[in-house]
Amino acid sequence: MNYRAALDRWAQARRDRGWNEGSPPTGIWIEYHATHAQFVYSGRCRIDQLSRDHMMMLETHAHILLNTGRSQIRYLFWRPAAVESEWGPRRMDLISGDVRMRGDPE
């Protein structure tokens with residue numbers, strides 16, 4: 001199934017809702033959505049508190065946000081977080097609608 005149309009609609013909805021696109025700032029808590037293939041990863045974190053050691057582990061904030069080229073992120077949207085506590089990342093499949101949190105069994 002071609003997920004590109006769904007992905008483009010999803011990205012436009014983020015733009016319409018005022019989410020920032022591109023590299024997020026360090027030093028503040030952010031909420032983010034990042035896309036890879038048909039998956040949307042969502043979470044809340046503070047980039048300057050991420051460990052580069054986690055960049056090698058899939059489905060971590062560091063893997064998704066610190067090297068977007070390596071993790072093949074197509075869209076990255078962010079906004080300042082209303083709550084200063086870590087959450088996610090959660091993975092949603094745009095095709096099946098399945099949702100999985102990090103650490104959930106496959």
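Predicted model: local features only at pLDDT ≥ 70, side-chain atom pairs only at ≥ 80, totals over all residues.
**Overall architecture**

The secondary structure of the protein comprises two helices and six strands, and from the N terminus on these elements follow the order α-β-β-β-α-β-β-β. The radius of gyration is 13 Å, close to the 13 Å that the globule rule gives for 106 residues, so the protein is as compact as a globular protein of that length. When contacts between residues at least 6 apart in sequence are considered, 58% of them join residues at least 24 apart.

**Helix 1**

Helix 1 takes in residues 4–16, and its 13 residues reach 18 Å from the first C-alpha to the last, close to the 18 Å expected at 1.5 Å a residue. Its buried residues are Leu 7, Trp 10, Ala 11 and Arg 14. Because these residues cover an arc of only 100° around the axis, they lie on the same side of helix 1. Such a pattern can be read against the geometry of the α-helix, which has 3.6 residues a turn, so residues three or four places apart point the same way. On the other side of helix 1, Arg 9 and Asp 16 are exposed. The cover over the buried residues of helix 1 includes strand 2 (29–36), strand 3 and strand 4 (76–80). Just after helix 1, Gly 18 adopts a positive phi of about 85°.

| Residue | Relative accessible area | Class |
|---|---|---|
| Arg 44 | 17% | buried |
| His 54 | 37% | partly exposed |
| Asp 98 | 52% | exposed |

Arg 44 has its place in strand 3, and it counts as buried because its relative accessible area of 17% is under the 20% cut-off. Leaving out residues up to four places away in sequence, Arg 44 touches Trp 29, Ile 30, Glu 31, Tyr 32, His 61, Ala 81, Val 83, Ser 85, Glu 86 and Trp 87. With Ser 85 there is also a polar approach, in which the backbone oxygen of Ser 85 lies 3.2 Å from a polar atom of the side chain of Arg 44.

His 54 is located in the loop between strand 3 (39–46) and helix 2 (61–65), and at 37% relative accessibility it is partly exposed. Apart from neighbours within four places in sequence, His 54 is in contact with Thr 60, Ala 62 and His 63. The C-alpha atoms of His 54 and Ser 42 are separated by 17 Å, the two residues being 12 residues apart along the chain.

Asp 98 belongs to the loop between strand 5 (87–93) and strand 6 (99–101), and it counts as exposed because its relative accessible area of 52% is over the 50% cut-off. Once neighbours within four places in sequence are set aside, Asp 98 is in contact with Arg 91, Met 92 and Asp 93. Asp 98 and Phe 39 are 59 residues apart in sequence, yet their C-alpha atoms are 9.6 Å apart in space.

Methods: Residues numbered from 1 in each chain as written. Heavy atoms only, no water. Helix = DSSP H or I, 4+ residues; strand = E, 2+ residues; numbered from the N terminus. Buried < 20%, exposed > 50% of the residue type's maximum accessible area, 1.4 Å probe, protein only. Contact = heavy atoms within 4.5 Å. Expected span 1.5 Å × (residues − 1). Arc of directions from axis to C-beta. Polar contact = N/O pair within 3.5 Å; in protein donor to acceptor, adjacent residues only side chain to side chain. Rg over C-alpha atoms; globule rule 2.2 N^0.38 Å.
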